[in-house]
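User: I am new to this structure, and I would like to learn how its features are read, one at a time. Could we go through them together?

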Amino acid sequence: MFSEPTHFTGSSSYRLLPFRFRRSPSGNILLTNDVGEHIWLDNNTFSTFANKRLPLSDSAFWDLESRHFLSRDDEPIPYDALSIQYRTRKAFLFDGPALHIFVVTLRCNHSCKYCQVSRRVEDEQASSFDMTIEHANHAISHVLSAPAQAITVEFQGGEPLLAFPVIKHVIERLSRLAQESRKRFKFVITSVLHHLDDEKLDFLKQHEVELSTSLDGPAVLHNRNRPLPGRDSYKRTMAGVEAARRVLGQNAVAALTTITKESIEAPEQIIDTYREHGFHSIFLRPLSPYGFAAKSLRSDYTPVQFNAFYRRAVDYLIQLNIAGYPMDEAYAALLLRSIETPFAHGHVDLRSPAGAGFGVWAYNYNGKVYASDESRMLAEMGDDTFCLGQVTDSYETLLHSPAMELIAAGAVAESIPVCSDCAFLPYCGSDPIDSYRRQGDVIGHRPSSAFCERQMSILDYLFEKLRAGDAQTRAVLNSWTTRRAPKIEARAHGIASST
Amino acid sequence: MSIDSSLLIEIDSALWTLSAVQRACHRYSGEYLVELLKKGRNYEVIIRTKVGISVPDSLRGEFSATLIDEELRERVTSETREIRERLIAQAFSGAIPRTRPRID
């Protein structure tokens, strides 16, 4: 059960286990391995370790051994433990597409400057731009063919509530088939919430449907980003949020903000708006290069500006938490869970192999199936490269389509130049659609990649907070990992708590 | 501050692998224009700015440090390749669909 005393005083000759490293701006060196463990070393210790001269008497030896960065020559390599950890982090692979997006309509009543799709006006003839029931039924059969037992069905648009009969049909049908198919379904509708009524809310409550909406910040900012001719988008969205909360519960609505040029100088005001309306999570989402947003990208902000905004915003959020109001930044929370826990988050935009096609399918209103929501946005811009096929095609045909083969070529970060050597690889992912859109091919060029620049900035920031932040800061970030409010009073004694 | 718009770095090919030199060059190819040549027993790396301003003096030292790191990464990858491959193979050894015959 216990090792012999010589285990702790014997030879320290060892072999290296696979690892990657990064020199942080602070001068320290971050090491990570394939199972997601990490450790910080100073330059001298790192050099000694890498040259296999680190003595047993150095405390770093034990940390490196326990976190699987080295294995003593007289000990077996713990393949069983490591392979289980690796499989756990890649568990999403066994589910196939677990996120299924139903784009039920292209109709919308907004004219958002950063809209990612070519919208159709609210009153336009529904038959042309709504998903038919026949197409919906074919899509449902693909949902049921996916290996995953836990499946998320997300309704998008345009404004999906304008095609509520289609949503109702899909939810009712899948709910009836849940037991027989041995699957559990989570339903989410992304909506501006301007078209809710009692009948819809009762249905959503009955089926435990979650809602996601856009809230860009204070009314002035929100309305500027999301013009609604003659009406007040902010006021109507907040009215929808309140109506939903009254029927579905306080936490029924999640919100995210799209960061525009106008948002860059106002992180505190945006966060304060969320706090005023009782949100406990905010997703600071940068502009994506699709649709109308692509046209405005040239005149909008640089990656450097976004990264500065993000750090300022999260610094402010951390202080808000310390002052007693729990709120996380959703993207940071995702990354922190990946850093601090052994589990796969499977977020489709942040995994390797990529989520596009392997983890998500999007069924467009017109019967076409795409590898992701971004793929169908690309199609709306005239590029159908990532269309898997028609919804009437078989599951296997869609899975083995030329589009999937193309995605596969850029889907594995472990094989992409720079990514393959990056210390952040266990917590990051590949996004072949984004690479294709921004740089012209699914692999891309990492040294000039805006996605890569943003990811590294955020991960550098979070790792530095975890390494050198004060006890209160680390407690707040830990609470984001577990999605529980931080016990700030315990922080005063420098005692970490996860409850 | 250098007044040249390009930086020439000569690298002894007996001391550094071509792969490490290529990887180091690649890392700077986002911010700079990088050219890699073979001149006798040396590699020549020519770095130019994309906007025609001068290349900072510090870049020579930074590139050298990057080259050392790339050489280390190559060594670590080479030494641990078989361990990594076995780890991943073992992690997914149960992933073969039951409906298909196992190929042993």
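**Reading the interface and the cores**

Analyst: Let us begin with the salt bridges, where a salt bridge is a side-chain nitrogen of Lys or Arg within 4 Å of a carboxyl oxygen of Asp or Glu. Across the interface of chain B and chain A, the rule finds four salt bridges, and the side chains of K52(A) and E79(B) meet in one, at 3.1 Å from N to O. This is a predicted model, in which local features need pLDDT of at least 70 and side-chain atom pairs count only at pLDDT 80 or more, while totals for chains, interfaces and linings use all residues. Residues are numbered from 1 along each chain as its sequence is written, chains are lettered from A in the order in which they are written, and side-chain values use heavy atoms, with hydrogens and water left out.

User: Which elements give two or more residues to the side of chain B that touches chain A?

Analyst: Helices and strands are DSSP runs numbered from the N terminus, a helix being H or I with at least four residues and a strand being E with at least two. In chain B, the elements that give two or more residues to that side are α1 (18-28) and α2 (58-91), and α2(B) supplies the largest share, 15 residues.

User: How many residues does the contact take from each chain?

Analyst: Contact means heavy atoms within 4.5 Å, and here the contact takes 23 residues from chain B and 28 residues from chain A. Buried area is the accessible area (1.4 Å probe) that two parts lose on being put together, summed over both; chain B and chain A bury about 2,500 Å² between them, with 61% of it on carbon and sulfur atoms. In chain B, I83(B), R84(B) and L87(B) lose the most area to chain A, together 23% of what that side buries.

User: Which residues have the most contacts inside the largest nonpolar core?

Analyst: A nonpolar core is a set of buried Ala, Val, Leu, Ile, Met, Phe, Trp, Tyr and Cys residues joined through side-chain atoms within 4.5 Å, where buried means under 20% relative accessible area (1.4 Å probe, protein chains only). The largest such core has 107 residues, and those with the most contacts inside it are F102(A), F155(A), L204(A), Y310(A), Y363(A) and W480(A). Helix α13 (residues 303-322) of chain A gives the largest share of this core, nine residues. A second, separate core of 20 residues includes A50(A), L56(A), L72(B) and V76(B).

Definitions and conventions: Buried < 20%, exposed > 50% of the residue type's maximum accessible area, 1.4 Å probe, protein only.
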